[in-house]
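Welcome! Please take a look at the sequence and the model before reading on.

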Amino acid sequence: MESRYRSADAQRYIDTYAPRHGEDLALRVYTSRLLGQDPALVLHGGGNTSVKSRVTEITGDVTEVLYVKGSGWDLATIEPRGFPACRLAHLRRCCEVQTMTDEQMVAELRGQMIDPSSPTPSVEALLHAFLPARFIDHTHADAVLSVIDQPGSEAICREVFGDRALFVPYVMPGFALARRIADCWRPSPEPTCVILDKHGIFTWGQTALESYERMIANVTRAERYVEEQRTEYSRRTLSGPSSELSARVAPIARGALGRLSNQSWIASFRSTPAMVAFSDRDDLARVTGLGCATPDHVIRTKPWPLVVPQVNPDDVPRLTAALEGALREYAARYDAYFQRGSRARSVTRQELDPWPRIMLWPGLGALALGRSRREAEVAADIYEHTTSIIEAATALGGYEPVSELDLFDVEYWSLEQAKLKKTSAGDGPLAGKVALVTGAASGIGLATVRALLSAGAHVALCDRNAETLEARATELTKAHPDRVTHRRCDVTSAADVADAVAHTCAWFGGLDVVVSNAGTASGGALHTKAGDAAFRASLEVNLLGHQTVARRAAEVMLEQGSGGVLLFNASKSAFNQGPDFGPYAVPKAALVSLMRQYAVDLGPRKIRANAVNADRVRTELFGAGMAEARAKARGVSVEQYFQSNLLGRETTAADVARAFVYLATAEATTGCVLTVDGGNAAAFPR
Ligand code: ZN
């Protein structure tokens, strides 16, 4: 592993932050980010760092303080305000106390903050205070974990890190760990680093550079050792998985978990060649059942993954039954783990949900699960590193991570649970639901995407205009990271539709809501040659396009087995034709019939179908002079044209979007046409 410290970059941090926060904190931010941005060192909020410095208080007193990472901050993106300053002398005195509860420790840390509005200091703050050096770095580096997650790790550590590394047998993070290190500490000769068995490594230095480069040097030693000692690890054949198969099985797994847990989940496959090779290990269930590579991963991945039984994926009923069985077994195993932990520690805790976050699928890789794609991706990232640690550790001798009881302590530690609350998934009536919208790049489609996102859904945008689609998706991703994906799709192409649905299933794990919106407006008299041609072209988009989307989506929903809703953008023309508008009106009338047929056929399987009838919404369909022409035909101005309805109010795309969101959540409504047109007696549904 190479040092990524560059003097020029360090100087930039000094220039940016030192004037307000001092040089110590500026450099602390710089090397913390260097550590945080390398996933081989720390992942998603893991690890912590500190610097000892001085501040002038309002009284004029100069006080020695510890700036230590605040909980809820991620080293990769930390800012100076992510480091609360605590009075150092008192923290050091706390390390001399013999016992302290978690609540007392947090109270002591918070009580010593110079600014009480700062975030709560890391649970390792006392340990940072105790260590004498100015800069302290702590990581859970993959290579170090590969070396310490095995039997006989103390002897191996001596070989890898030398006699002057202080090896500390596993102890719960927090006060107990600070006490343990205080007890083992020998000031002369000072240890070169601390290795926390089954957990990670601490390095330090008088400068940010010194502490960082010691971290890199020690991790490099571990990497070299792994490289020299491992046997079969690198010789595995790496092959890519079938993404088509992944997209097919993901909804089946997501549906099974949703039914058993009574909750909606987002699922996404992690199918790197290394992950796929790992999922094909003969000893997969045994080796992964041993537990997490470092204790704080337990809150993101649960103690172990679920290993999916080998079943022919084409036999959907058998696969569904096998998945349900495996999930029930997993939950029973988790309950037993919770009971054993509670008994062994004589504690009363509220049991967390007993469902896996990682399903290992032989030959396909890992299916990660979460309440949001963000949560699923965090679990997948962590598990990807876990697999490489397990591969390396088993190649070295054997994988032996922290015990089940140690994992229980951390999973049910109030201070760890607090981390999850900070990052919990969004809410809204459609949280955890996956929606697909066609014609999503503009007009009613785009407004509907926005409304679905506001209601908490994860949304796949489909449109035939690749450029606009890309631009809209990029904008929306900024506002709703991880909840947006997109695929170019022309609904008149069955292949495009199949690809868009498969992409959505691979990305979010399934499909719950479809807004079949794409359409074109085309006029002409049916009794003319031109009108006839327009009619036939319109049928392809305005009727058969909807059928292609609905059919493909229904196939997924049926295999997923957790209901769903098909929503169609019909039109007032379905009930009230305008003159020479047959090419548009006739397919729209048939579309209402299509919707009702789906409602009748799929109602018993809890799949609903509804339509929205909108009229005179200013969208692209009214481009190229269409609005002016239609207004003129009625002898009114364009404004009057859009407001000529019972309410005298122009109908907007957002009005229609709200109707779609309502129908997506209306659990008792199917076969319904909802009118959103400001009131038009001639077009009342009948
Ligand atoms: Zn740690």
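## The chain as a whole

Among contacts in the protein chain between residues at least 6 apart in sequence, 73% join residues at least 24 apart; contact here means heavy atoms within 4.5 Å. This is a predicted model, in which local features need pLDDT of at least 70 and side-chain atom pairs count only at pLDDT 80 or more, while totals for chains, interfaces and linings use all residues. Residues are numbered from 1 along each chain as its sequence is written, and side-chain values use heavy atoms, with hydrogens and water left out.

The protein chain has 25 helices and 18 strands. Helices (H or I, at least four residues) and strands (E, at least two) are DSSP runs, numbered from the N terminus. Along the principal axes, the C-alpha atoms fill a box of roughly 100 × 65 × 45 Å. Of the 686 residues, 56% count as buried. Buried means under 20% relative accessible area, exposed means over 50%, and partly exposed lies in between (1.4 Å probe, protein chains only).

Let us start with helix α1, residues 7-21. A kink of about 35° lies at D15, shortly before the proline P19; the bend at a residue is the angle between axes fitted to the seven residues ending there and the seven starting there. After α1 comes G22, with a positive phi near 85°. The buried residues of α1 are A10, Y13, I14, Y17 and A18, and what covers them includes α2 (23-36).

α1 and α2 pack at an angle of about 135°, with their axes 7 Å apart. Axes are lines fitted to C-alpha atoms, for helices over the stretch in contact, and angles run from 0 to 180 degrees between N-to-C directions. α1 and α2 are therefore oblique to each other: angles under 35 degrees count as roughly parallel, over 145 as roughly antiparallel, 65 to 115 as roughly perpendicular and the rest as oblique. On the α1 side, D9, A10, Y13, I14, Y17, A18 and H21 meet E23, L25, A26, L27, V29, Y30 and R33 in α2. By class, this contact has 10 nonpolar, 1 polar and 3 charged residues. Ala, Val, Leu, Ile, Met, Phe, Trp, Tyr, Cys and Pro count as nonpolar, Asp, Glu, Lys and Arg as charged, and the others, Gly among them, as polar.

## Helices α18 and α19

Another pair is α18 (residues 443-454) and α19 (residues 466-479), which pack at an angle of about 20° with their axes 12 Å apart. α18 and α19 are therefore roughly parallel to each other. L446, V449, R450 and L453 in α18 meet R472, E475 and L476 in α19. That contact has 4 nonpolar, no polar and 3 charged residues.

Helix α16 (residues 404-411) is mostly covered, with 6 of its 8 residues buried. These are D406, L407, F408, D409, V410 and E411.

D496 sits in helix α20 (residues 494-508) and counts as buried because its relative accessibility is 18%. Leaving aside neighbours within four places in sequence, D496 is in contact with R488, C489 and D490. E190 lies in the loop between α8 (175-184) and β6 (193-196); at 30% relative accessibility, E190 counts as partly exposed. Not counting residues up to four places away in sequence, E190 touches P132, R164, W185 and W204. E190 and P132 are 58 residues apart in sequence and 9.8 Å apart in space, C-alpha to C-alpha.
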